[in-house]
Amino acid sequence: MIAKRHLLSISIAALLSSQLVNADTLLDVYELAVKNDPQLKAAEASYRANIETENLSRAGLLPQITAQAYYQDAESDSQREGISSSSSTALQNVNTNTESEFYSVSLSQPLFDLPAWFSFQAGKKVSEQAEAQLAYEQQQLIVRTAEAYFNVLRGSENLDASKAEERAAKRQLEQTQQRFDVGLIAITDVHEARAVFDSTVAQRYGFEGTLAIARENLSNLTGQEHNNLWSLKTDFPITMPEPASRAEWVDFALANNKLLQVSNAGASSAYETAQSKKMEHLPKIVGSFTKSKDDVDGTSRYRPTNSFATQPDSYTESDALRVTLTMPLFAGGAVSAGRRQAYEQYNAANYNAQTTQRQVISGTRAQHIAVYTDVQTVNARHQNIISTRSALDATEAGYEVGTRNIVDVLDAQRRLYGAMRDYTNARYDYVIDVLKLKLNAGTLSPADIIALNKWLQLPEPVSLKESDAR
């Protein structure tokens with residue numbers, strides 16, 4: 001029996017070891033998200049579609065070459081008056097068979113077309129906008145991945161603290177029941193202990209649900225389940241943001257924020273489009289050259305025979321060089337309406353860019369304040385754990401000698417485990433807020449994921465005693 005228990009312990013230990021080896025790091029999850037996140041894939045497809053706007057608008061400035069060719073085999077019957085051999089007028093039946101071949105190549109080149117030029121400039125701004133939007137989506141994926149990853153760790157640690165609180169409450173309930181059974185305390189203490197235990201059970205269910213939802217959110221990024229993640233080291237440094245100056249972070253944001261670049265490029269594109277619409281009143285000059293060949297072979301039969309009839313054979317080859325000037329004189333007001341519409345659209349885009357700039361400034365300042373506050377909060381929460389643990393020890397000692405009651409002990413326990421959860425949440429709030437600050441500043445990159453990944457460690461294996469394996 002002892003040998004069987006030993007083999008069982010070895011098997012369970014091996015299983016736990018394999019699970020730890022297969023644990024996912026933040027970098028592992030991020031790489032999977034890059035490959036599988038549908039939101040990023042949609043952004044990449046939109047980018048590829050939008051950069052073609054520049055190529056489409058450039059086409060209006062480049063030569064256009066058109067080739068045309070056809071072959072035709074035709075037969076016709078007709079009647080007409082003709083002159084007979086006796087010089088008299090007679091009705092003739094004509095049957096004609098022809099084979100025609102036609103070839104032409106035309107080249108046209110805009111020589112003066114300001115609307116096309118400004119449309120091309122607008123297309124270039126659309127490409128810049130698409131690049132900035134994709135860069136923002138890529139940075140957003142870093143934040144979304146880190147937030148989902150650390151929310152799982154947050155939920156797991158909160159659940160562990162809740163389970164520990166539940167075990168402590170259960171143990172306190174059992175001890176209180178034993179004291180009541182021997183007549184040392186009143187039934188009121190038992191009811192108090194049971195109420196606290198029931199509360200911790202309900203609380204645990206809530207944390208289990210939160211953790212399950214966090215796992216689902218993480219799986220939504222990668223399309224895979226992640227039930228075993230590397231944890232954040234306890235000595236992870238909680239430091240003030242560098243540089244410390246809030247104004248410097250705002251300057252970084254104004255120069256590098258991707259959403260601001262998207263808005264500015266959109267306003268620039270709208271301005272160039274408005275210029276294009278304004279130039280629709282001006283003339284356009286197009287040069288063209290056409291080379292063509294038309295070859296017709298055929299026969300005609302006349303009844304009665306006409307000695308003066310000719311066969312429908314012909315051959316024509318031509319070269320044509322043309323310069324065309326067009327100028328709209330009146331288009332029912334469409335040109336003027338399009339110009340006014342384009343300028344109002346530019347005004348709207350310009351105001352949206354101003355709004356985005358203000359949001360970036362205020363958002364960067366807010367995130368800097370959040371990180372600064374997180375640092376102080378983490379330090380305070382850590383000290384609070386030390387204080388509440390000392391308070392719990394003192395309260396339990398007082399309860400043993402009769403100077404404190406069960407309510408005091410239970411309150412002290414709740415404060416300790418609440419302090420542990422607050423500390424956990426403060427640490428992860430700091431990590432996410434630092435990434436969001438860099439996102440606002442436009443400096444966030446995969447290098448931040450790699451640096452953060454170095455502060456992760458394998459989850460600690462569950463220790464199994466021999467009594468647990470029985």
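Which residues lie nearest the centre of the second largest pocket? In this predicted model, the residues nearest that centre are Phe 236, Thr 239, Tyr 430, Val 434 and Lys 438, and they belong to a lining of 18 residues. The space in the second largest pocket amounts to about 360 Å³. Helix H10, which spans 406–441, and helix H11, which spans 446–453, each contribute at least two residues to this lining, and the largest share, 6 residues, comes from H10. When the lining of the second largest pocket is sorted by class, 14 residues are nonpolar, 1 is polar and 3 are charged.

Two packed helices are described by the angle between their axes and the distance between the axes. Helix H3 (residues 38–50) packs with helix H5 (residues 114–181) at an angle of about 170°, and their axes lie 9 Å apart; because this angle is over 145 degrees, H3 is roughly antiparallel to H5. On the side of H3, the contact is made by Gln 39, Leu 40, Ala 43, Glu 44, Tyr 47 and Asn 50, while H5 contributes Val 126, Ser 127, Ala 130, Glu 131, Leu 134, Glu 137, Gln 138, Leu 141 and Arg 144. By class, the contact of H3 with H5 comprises 7 nonpolar, 4 polar and 4 charged residues.

A feature of the backbone concerns a proline. Most peptide bonds are trans, but the bond from Glu 242 to Pro 243 is cis, with omega near 0°. Pro 243 is located in the loop between strand E3 (231–232) and helix H7 (246–256).

How values were computed:
Residues numbered from 1 in each chain as written. Predicted model: local features only at pLDDT ≥ 70, side-chain atom pairs only at ≥ 80, totals over all residues. Heavy atoms only, no water. 1 Å grid on protein atoms, 1.4 Å probe; cavity = no way out; pocket = protein on both sides within 12 Å on 5 of 7 lines; lining within 4 Å. Points joined across faces, edges and corners; volume = space filled by probe spheres on them. Helix = DSSP H or I, 4+ residues; strand = E, 2+ residues; numbered from the N terminus. Nonpolar A, V, L, I, M, F, W, Y, C, P; charged D, E, K, R; others polar. Axes fitted to C-alpha atoms, helices over the stretch in contact; angles between N-to-C directions. Parallel < 35°, antiparallel > 145°, perpendicular 65-115°, else oblique. Contact = heavy atoms within 4.5 Å.
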